[in-house]
Amino acid sequence: MAAPNRQDTKKFFENLSGAGKSIGVLTSGGDAQGMNGAVRAVVRMGIYVGAKVYFIHEGYQGMVDGGQNIEEATWESVSSMLQVGGTVIGSARCKEFRTLEGRVRAALNLVQHGITNLCVIGGDGSLTGANLFREEWSSLLETLRTTGQIDDEAVQRNSVLHIVGMVGSIDNDFCGTDMTIGTDSALHRIIEVVDAIGTTAQSHQRTFVLEVMGRHCGYLALVSALACGADWVFFPEMPPEDDWEEELCYKLSGNRADKKRLNIIIVAEGAIDRSNKPISADYIKDLVVRRLGFDTRVTILGHVQRGGTPSAFDRILASRMGVEAVLALLEASATTPACVVSLVGNQSVRLPLMECVQMTQEVQKAMDEKKFDEAVRLRGRSFENNLHTYRLLCSRKSDKDLPSSGFNVAVLNVGAPAAGMNAAVRSAVRVGIAEGHKMFAVNDGFEGFAKGQIKEIKWGDVGGWTGQGGSLLGTKRTLPAKHAEKIAEQIRIHNINAMLVIGGFEAYLGLLELSGAREQFSEFCVPMVMVPATVSNNIPGSDLSIGADTALNAITETCDRIKQSASGTKRRVFIIETMGGYCGYLANVGGLAAGADAVYIYEEPFDIRELQANVEHLTEKMKTSIQRGLVLRNENSNENFTTDFIYQLYSEEGKGVFDCRKNVLGHMQQGGAPSPFDRNFGTKVAAKAMQWITTTLKETYKEGRVFANTDDSACLLGMRRRAMVFRPVAELREETDFVHRIPKEQWWLKLRPLMKILAKYRTSFDVSDSAQLEHVTHVRPKEAAI
């Protein structure tokens with residue numbers, strides 16, 4: 001393929017050839033859902049760039065044993081792998097690889113296959129072993145040469161070993177990345193159990209103690225506690241204070257006195273007290289029974305957390321990381337250190353492997369030295385934010401001990417329902433109350449605001465909201481402009497000093513209208529902030545919206561079932577229509593997660609010639625061992641090439657090779673319980689929005705009243721690449737296509753070539769925005785003066 005004409009600084013991976021190179025991919029250590037997605041991405045990307053790719057079965061054991069354990073991969077050999085949990089190429093602990101003799105044998109097996117590029121998917125132990133192997137590589141080759149097992153030419157040809165790691169671990173215990181492959185899926189398993197236990201616990205007024213995995217890292221415990229609103233959480237990085245037994249019993253008895261029928265306590269398997277003594281689930285149960293007499297049960301989740309199909313998030317993460325790993329191998333030089341491909345915020349990064357390993361080891365060292373605050377800091381910004389938010393939401397004080405700011409804050413949902421809205425409302429209400437505000441709930445959006453459907457909402461009123469789908473406040477698409485006078489009147493009546501709006505595109509338009517009407521209505525001169533919540537993920541100023549992850553999981557699970565429904569029948573192609581309005585996020589990213597062969601979206605116009613080419617391409621694929629085809633179409637991708645048209649076209653052109661079926665997923669994408677990601681994201685973003693409101697209220701309170709009329713007092717809070725960012729809605733006007741209700745630039749379009757490559761299309765892939773090697777940075781606190 002000819003290199004694209006470049007008149008700017010863009011860099012395309014067509015200039016990075018894999019010809020003549022061989023890549024080995026292995027999974028090592030504990031298995032994690034999503035590993036197969038990473039293997040699939042490495043294989044297909046490697047083959048795409050012209051390299052040979054080899055499976056190394058059974059991890060390092062397979063590398064040491066050689067023979068049939070090292071097998072060349074083909075495009076078809078990774079088909080139907082994306083949705084399978086665990087690792088289909090196997091993983092094993094290997095004592096022999098820890099010996100020099102074992103590593104010499106492993107080196108010989110790699111040299112015999114010409115493998116000088118290794119992609120290792122595993123935890124810190126597996127990645128440390130890979131780095132040691134790389135550091136010894138020259139001496140291993142010399143040993144093989146001097147013993148006559150390879151000649152000088154082989155030494156020259158295989159002189160440099162390149163290593164790239166991807167972290168596959170459900171514990172999320174590796175420093176340098178916000179999320180490891182498998183963590184989100186493990187959270188799905190935990191939350192499924194918590195939701196199921198909730199119904200039986202409430203029936204009998206029971207207390208449940210759940211033990212989750214995490215021998216050395218409390219991420220699963222902390223985030224699942226945040227996502228389910230647990231009463232207490234124990235994890236190794238931050239042991240409870242010495243009087244925790246009294247505090248726990250006091251809190252549980254207080255909750256029961258408030259008529260809360262369910263108590264959930266989450267315990268990481270590695271939980272300790274401040275003397276580094278273990279805190280077990282059974283000990284907590286015995287404590288609660290002995291002191292309070294509550295009916296208390298223990299549930300140990302165990303390996304359930306490792307099982308099941310990978311979540312949409314893990315499939316997308318694994319696919320992105322796998323492609324990035326191949327790019328890193330292609331770009332590596334003899335002096336490039338072994339790196340690990342990581343995720344920070346929504347951005348791929350490459351970090352020196354051993355810097356991450358050393359920082360991970362420092363966490364354990366800090367815990368051993370009882371420097372628990374430092375251990376939390378070393379875990380990274382994401383872990384710190386989770387802990388900070390959990391403390392905000394769970395450190396309830398008695399009414400008499402609460403501060404009083406004198407401010408009234410209204411919270412409302414606007415637009416279509418989105419899973420996670422209720423988690424955001426709960427978070428906002430509790431953080432607001434903790435900061436001294438009086439919180440008011442507005443039912444039915446701006447329409448309810450105009451009608452005076454406003455009432456004070458207390459701490460206990462939002463109990464149990466985290467796991468509920470839809471909008472418990474009620475939400476409507478009505479815009480405020482035509483009700484401006486009545487809304488202003490209600491603001492006066494209830495003395496509303498600030499507004500938090502949680503919703504979709506109508507919420508964004510509503511904030512624009514309210515802030516634009518400030519000259520006419522002084523009542524609107526109050527701080528306003530919007531938190532994006534829509535399955536369409538079409539809000540400018542934010543890469544992600546609350547609800548989109550739940551919708552992606554609904555699409556992915558449905559596509560899995562639809563494909564499985566044809567098991568044992570003849571070759572079949574499914575045409576699936578997704579929601580999203582004119583925004584192709586759900587179709588495109590859902591297609592990546594489900595392993596689609598083609599995705600049609602509004603943002604990338606297509607014509608009949610492209611449709612014909614797609615049909616021919618899929619027909620050729622279906623003539624091989626591949627038996628299932630999947631085509632996704634965004635509902636508004638083209639007014640003429642409808643879902644029916646595409647279904648009929650594929651049916652006609654595929655005659656004799658495959659038959660077709662079509663499905664319109666519809667509102668099932670909006671329903672259901674929110675995913676762990678949406679619960680956690682909604683909780684954290686709403687808490688941050690409330691803290692912004694508190695700060696802005698203080699800044700704009702003058703002469704006995706709040707007066708905020710600057711652009712930066714009406715903001716949208718969104719995730720941009722690596723950070724949560726407040727942007728004035730007025731500033732976002734220029735970035736918005738109001739006709740089609742989408743941002744003018746959308747980050748996820750950069751994933752589109754990735755989806756095409758994994759579906760075996762030739763395409764151009766701009767890698768100028770791909771990860772560059774960075775360094776792990778952290779500041780160790782100075783030792784306290786004695």
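The following conversation goes through a predicted model of one chain and asks how its descriptions are reached.

Visitor: What should I know about the model before we start?

Guide: The model is predicted, so that local features need pLDDT of at least 70 and side-chain atom pairs count only at pLDDT 80 or more, while totals for chains, interfaces and linings use all residues. Residues are numbered from 1 along each chain as its sequence is written, and side-chain values use heavy atoms, with hydrogens and water left out.

Visitor: How many helices and strands does the chain have?

Guide: The secondary structure comes to 24 helices and 27 strands, where helices (H or I, at least four residues) and strands (E, at least two) are DSSP runs numbered from the N terminus.

Visitor: Why is C217 called buried?

Guide: Buried means under 20% relative accessible area, exposed over 50%, and partly exposed in between, with a 1.4 Å probe and protein chains only. C217 has 1% relative accessibility and therefore counts as buried, as do 61% of the 786 residues of the chain.

Visitor: How do you know that C217 is in no disulfide?

Guide: A disulfide is a pair of cysteine sulfur atoms within 2.5 Å, whereas the cysteine sulfur nearest to C217, that of C175, is 8.0 Å away. For C249, the closest cysteine sulfur is in C394 at 17 Å, which is too far for a bond. By this rule the count comes to 0 disulfides.

Visitor: What makes strands β1 and β2 a pair?

Guide: Two strands pair if DSSP finds at least two bridges between them, and β1 (residues 22–27) and β2 (residues 52–56) have 4 bridges, in the parallel sense. One of the residues involved is I23, whose bridge partner in β2 is V53. Toward β4, I23 stands opposite N117, and 5 bridges join β1 to β4, again running parallel. The strands β4 and β5 pair in the parallel sense over 6 bridges, with C119 opposite V164 in β5.

Visitor: Why do β3 and β11 stand at the edges of the sheet?

Guide: The open sheet has 7 strands in the order β3-β2-β1-β4-β5-β10-β11, with mixed pairing. Both β3 (70–72) and β11 (347–352) have a single partner strand, so one side of each is left without a neighbour in the sheet. From one strand to the next, the twist averages 25 degrees.

Visitor: How do you know that both faces of β4 are covered?

Guide: In a regular strand the side chains alternate between the two faces of the sheet. On one side of β4 stand N117, C119 and I121 and on the other L118, V120 and G122, and all of them are buried; that is 6 of the 6 residues of β4.

Visitor: What is called the largest nonpolar core?

Guide: A nonpolar core is a set of buried Ala, Val, Leu, Ile, Met, Phe, Trp, Tyr and Cys residues joined through side-chain atoms within 4.5 Å. The largest has 160 residues, and those with the most contacts inside it are M166, I266 and L500. Helix α10 (residues 312–331) gives the largest share of this core, 13 residues. Apart from it lies another core of 39 residues, among them Y54, A107, L108 and V167.

Visitor: What is L161 in contact with?

Guide: Contact means heavy atoms within 4.5 Å. Leaving aside neighbours within four places in sequence, L161 meets this for I115, T116, N117, L118, F133, R134 and W137. L161 lies in the loop between α5 (152–157) and β5, and at a relative accessible area of 3% L161 is buried.

Note on methods
Axes are lines fitted to C-alpha atoms, for helices over the stretch in contact, and angles run from 0 to 180 degrees between N-to-C directions.
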